Amino acid sequence: MKIILREDVDHVGKMGDLVTVKDGYARNYLLPRDMAAPATDRNMRALEHQKRLIEAKRKKERAAAEELVKRLASIPLTFPMQAGEDDKLFGSVTSKDIAEALAAKDFVVDRRKIVLEKPIKALGTFAVPIKLSSEISGEVAVSVVKQDTEER
């Protein structure tokens with residue numbers, strides 16, 4: 001089925017693209033969520049008009065994402081964690097923890113955009129990638145330090 005994407009869809013295409021997908025995927029997922037429209041003659045004519053609007057929106061989102069990448073690079077995150085012998089952590093630092101720490105510093109980032117293959121379970125400094133859009137990603141420095149036992 002030929003459809004016109006109304007927003008970026010991973011592994012399918014970008015906003016405004018004319019793509020062919022399986023009928024069930026279009027009918028059951030993309031169309032009900034208003035992520036796409038059927039590629040009818042009327043929609044094709046409207047697409048030409050909307051491409052200019054879509055391109056302007058893309059440029060604006062790209063500029064905002066690049067600005068956020070610059071701001072994220074300057075913000076280090078530090079997580080004091082309890083560690084036992086051999087500096088092995090009792091817990092771990094997950095993408096949810098990183099998202100909450102960023103939110104505390106006025107950076108709202110969806111935790112699903114934080115690309116953390118597995119939770120951090122060791123002390124040290126890690127560069128955690130954050131995928132802000134399909135083509136723009138940045139990194140945030142995450143330091144995991146041993147929590148002082150005297151603080152209790």
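Predicted model: local features only at pLDDT ≥ 70, side-chain atom pairs only at ≥ 80, totals over all residues.
I started with the second largest pocket, whose lining residues split into eight nonpolar, three polar and one charged. My classes: Ala, Val, Leu, Ile, Met, Phe, Trp, Tyr, Cys and Pro are nonpolar, Asp, Glu, Lys and Arg charged, and the others, Gly among them, polar.

Residues are numbered from 1 along each chain as its sequence is written, and side-chain values use heavy atoms, with hydrogens and water left out.

A pocket here is an open set of points on a 1 Å grid over the protein atoms alone, where a 1.4 Å probe fits, with protein on both sides within 12 Å along at least five of seven lines; lining residues have an atom within 4 Å of a point. Points are joined across faces, edges and corners, and the volume is the space filled by probe spheres set on them.

Back to that second pocket: I get about 190 Å³. Its lining includes Ile4, Leu5, Met15, Asn43 and Gln50. H2 gives the most, six residues, and strand E1 (2-5) also supplies at least two. Helices (H or I, at least four residues) and strands (E, at least two) are DSSP runs, numbered from the N terminus.

Next, the largest pocket, at about 780 Å³. Of its 27 lining residues, Asp8, Lys113, Leu132, Ser133 and Ser134 sit closest to the centre. Helix H1 (23-30) and helix H2 (41-73) are the elements giving two or more residues, and H2 gives the most, with five. I count eleven nonpolar, four polar and twelve charged residues in this lining.
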